[in-house]
Amino acid sequence: VASSEHKQHRKEDILTLFETKRKLMQKELQDLKKSIYPKYQAAATNIPVQRADVNQRFQKLTTALDKQGKALHTEIDTIIQGMKSDIDDMDAQHIAAINQQEVAINHTIPEITQAILNLKRLLNTRDVCLVSEYTSRTEEFRSLPAQFQVTLPTFTPQKINREQIHQQIGSWSEPAITFLLDEPRILTDIQTEYRGFHGLQNVSCQSDSELWTCGYRENILRLYNLQRKLLRSVKVKSGNHPQDIAVTRSGDLVYTDTSNSSINIVRGTYKQTLIRLQGWRPSYLCSTSSGDLLVIVISDDDEPTKVVRYSGFTEKQSIQWDERSRPLYTSSGYIKYLCENKNLDICVADSLDSAVVVVNEAGKFRFRYKGPPFTTRGTFQPRGITTDSRGNILTSDWYNHRIHIIDQDGHFLRFIHNCGLQSPWGLCVDSRYNLFVAENYTGKVKKIQYYKEN
């Protein structure tokens, strides 16, 4: 410092620099300990689970293939046995015909022998009476008993076509390794008319480029495209606000009207009430892969909530109790969104229970997800719920402004919390792994990419 040769250099207090560095190091230590390390620890803990899950699923493929192979072998054995039985029947018929002809011939030969003897005797006699009484049977014997021609069946084996056999066995879907993005990104956002008190609640994909929306205390259903253009507005038939919306396999829009206990459909400009309940009120719903409707149904008499499957106008299934006769869902009509997973599980986001409750297609309880064990941030209050083509379950954590992603067996995978989400509510996923999130207070629908293909 004292040397004149360094007078042009900037001088700093080494103790100040030391303290600045220490503070930075302390901040990084806290960041590593409280944020980064727990993430890696959680990811490392989940690796054996993922490995076991992958192995289990491939074992299921092998088991399914063995089962199909046995079924085909059984079918082939049954067909071959049937053809052998047909051969035995044809053999018996032909042998019976031959035997019948043999009996007729063997019966006639003694008669011909006797006729020959009689003629010889008459030719040697002088008895006029015997000769005059002779009656010829030669013409009778001239024609042999009815003859038949045996045309035996032949077997022409078909050339074995491996491709056809493979088609008969079946096929599996194209395997792909996809990665959940560390930093999901917003592809676009759409500002809707629903804001504040009349906040946006529900979103449902009409297609990969069009979205139906509805909000609280708002009796208008609106269709937007990804260019943020309002394509269509539909007023609810009763004038009340809809509780939930869903798009069916055929592309029609259905919605529930809790105030008059009805489930309604919109086809073009035509609106129709499909179902009207007595003593129960429909609230949240989804359309299934088979074309059925799954509906959260609330009792007017405070009975436990149930999930009802409707096929057309008919109640096909009711899910209400677990194997110990305990209610699966809370009794209150509080928020309970639902969806069907790829494996046909039925997933309900029960906000009052702070849980995602999953049952299988038959209604048997599978698991209850109440948030990852390592998180301590606030209360888990799931709102919207959806599933993707990988069978993962996504649910919106409204209070904590994030999305939980769990696999189909209830294992936590990760959060989506870096996209500036504000009170996320309704969810839906398109066919290209894109997530649509309805933000309750801002009224925005955000399209988020959270997957990438390997």
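**Why these labels? Reading a predicted model**

Guide: V54 sits in helix α1. The model is predicted.

Visitor: Why is V54 called partly exposed?

Guide: Its relative accessible area is 42%. Buried means under 20% and exposed means over 50%. V54 falls in between, so it is partly exposed.

Visitor: Which residues make the nonpolar surface patch?

Guide: The patch is made by V54, F58, L61, L65, I160, I165, I169 and W172. Its area is about 800 Å². Two elements, α1 (14-123) and α4 (162-169), each give two or more residues. The most comes from α1, with four residues.

Visitor: How many salt bridges does the structure hold?

Guide: It holds 20. Side chains of opposite charge can pair when their charged atoms come close.

Visitor: What makes R137 and E111 a salt bridge?

Guide: Their closest N and O atoms are 3.0 Å apart. The cut-off is within 4 Å, so the pair qualifies. R137 lies in the loop between α2 (128-132) and α3 (138-142), and E111 lies in helix α1, so the bridge ties together parts 26 residues apart in sequence.

Visitor: How accessible are R137 and E111?

Guide: R137 has a relative accessible area of 33%. E111 has 26%. Each value lies between 20% and 50%, so both residues are partly exposed.

Visitor: Which other residue forms a salt bridge with R137?

Guide: E140 does, with the closest N and O atoms 2.9 Å apart. That is within the 4 Å limit, so this pair qualifies as well.

Visitor: R228 and D189 form a salt bridge at 4.0 Å. What lets that distance count?

Guide: The rule asks for a nitrogen within 4 Å of a carboxyl oxygen. R228 is partly exposed at 47% relative accessible area. D189 is also partly exposed, at 23% relative accessibility.

Visitor: What is noted about the phi of R217?

Guide: R217 has a positive phi of about 55° although it is not a glycine. Most residues other than glycine have a negative phi. R217 lies in the loop between β3 (210-215) and β4.

Visitor: Where does H401 lie, and what is its phi?

Guide: H401 lies in the loop between β19 (393-397) and β20 (402-406). Its phi is positive, about 60°, and it is not a glycine. H401 has 32% relative accessibility, between the two cut-offs, so it counts as partly exposed.

Visitor: A246 is in strand β6. Why is A246 called buried?

Guide: A246 has a relative accessible area of 5%. That is under 20%, so A246 is buried. A246 and R366 are 120 residues apart along the chain, with their C-alpha atoms separated by 25 Å.

Visitor: What lines the second largest pocket?

Guide: The lining has 37 residues. V247, S287, T386, T387 and V429 lie nearest the centre. Strands that supply at least two residues each include β6 (244-247), β10 (280-287) and β18 (382-387). The lining divides into 16 nonpolar, 14 polar and seven charged residues. The space in this pocket is about 950 Å³.

Conventions: Residues numbered from 1 in each chain as written. Predicted model: local features only at pLDDT ≥ 70, side-chain atom pairs only at ≥ 80, totals over all residues. Heavy atoms only, no water. Patch = residues over 30% accessible without salt bridge, like charges linked within 9 Å, V, L, I, M, F, W, Y side chains within 5 Å. Areas by Shrake-Rupley, 256 points an atom, 1.4 Å probe, with all protein chains shown as cover. Salt bridge = Lys/Arg side-chain N within 4 Å of Asp/Glu carboxyl O. Buried < 20%, exposed > 50% of the residue type's maximum accessible area, 1.4 Å probe, protein only. 1 Å grid on protein atoms, 1.4 Å probe; cavity = no way out; pocket = protein on both sides within 12 Å on 5 of 7 lines; lining within 4 Å. Points joined across faces, edges and corners; volume = space filled by probe spheres on them. Nonpolar A, V, L, I, M, F, W, Y, C, P; charged D, E, K, R; others polar.
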